[in-house]
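Hello,

Here is the structure I said I would pass on. My notes on it follow below.

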Amino acid sequence: MADDLNSMYHVRGQVKWFDPVKGFGFVVSDEGGPDILLHVNVLRNFGQSSVADGAGIEVVTHRTDRGVQAVEIVSITPPAREEIPVLTDFATLDSDVIHNAPLEPARVKWFDKSKGFGFANVFGRSEDVFLHIEVLRQSGLADLQPGEALAMRVIDGKRGRMAAEVMAWEMAVSATDS
């Protein structure tokens with residue numbers, strides 16, 4: 001954390017890009033100015049291992065000799081998207097069915113970004129839940145790591161149980177506290 005608390009600034013902006021393999025990315029402030037470095041450790045402190053390009057983000061920053069860096073994430077909002085269903089499995093569903101499904105605690109079994117899918121397990125249940133990359137993007141995430149804790153809204157799709165919405169565990173906990 002910065003020694004000089006007077007150099008801390010609250011900034012709203014968008015994720016320009018984030019690469020979980022490299023462990024960093026950049027945020028562009030709504031007010032303009034230099035790009036803001038977003039390190040994966042700051043993201044992990046918020047409870048996520050990735051963030052989608054174009055996601056809205058609120059951060060606390062600190063100016064250093066090497067530029068402006070995010071030191072804390074206040075909030076992340078998924079990128080704007082069209083209201084068309086992301087997958088054909090959702091096309092015939094009433095959107096209320098998805099939004100009213102309970103948030104279920106889960107853990108990522110595996111996820112392969114290059115294949116565009118993976119699986120998670122809801123706590124206390126043995127069956128796998130299918131995770132599609134487009135559902136992650138719609139939820140503001142870009143990638144998942146094995147063992148990562150999530151909250152998911154799960155539906156019975158044409159090919160079995162599948163995630164219709166995914167949140168970082170910490171986001172889901174704060175959403176249910178409100």
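**Notes on Val154 and the chain**

Val154 lies in strand E9, residues 149-157; helices (H or I, at least four residues) and strands (E, at least two) are DSSP runs, numbered from the N terminus. This is a predicted model, in which local features need pLDDT of at least 70 and side-chain atom pairs count only at pLDDT 80 or more, while totals for chains, interfaces and linings use all residues. Residues are numbered from 1 along each chain as its sequence is written, and side-chain values use heavy atoms, with hydrogens and water left out.

Val154 has a relative accessible area of 9% and is therefore buried (under 20%; exposed is over 50%, partly exposed in between, with a 1.4 Å probe and protein chains only). Apart from neighbours within four places in sequence, Val154 is in contact with Ala101, Glu104, Val122, Val129, Arg161 and Met162 (contact means heavy atoms within 4.5 Å). Phe130 is 24 residues from Val154 along the chain, and their C-alpha atoms are separated by 9.1 Å.

The chain has 5 helices and 10 strands. Five of the strands form a closed barrel in the order E1-E2-E3-E5-E4, with mixed pairing (two strands pair if DSSP finds at least two bridges between them). Strands E1 (residues 8-19) and E2 (residues 24-29) pair in the antiparallel sense over 6 bridges. Trp17 has Phe26 in E2 as its bridge partner.

Of the 178 residues of the chain, 44% count as buried. Among contacts in the chain with a separation of 6 or more, 54% come from residues 24 or more positions apart.

Regards
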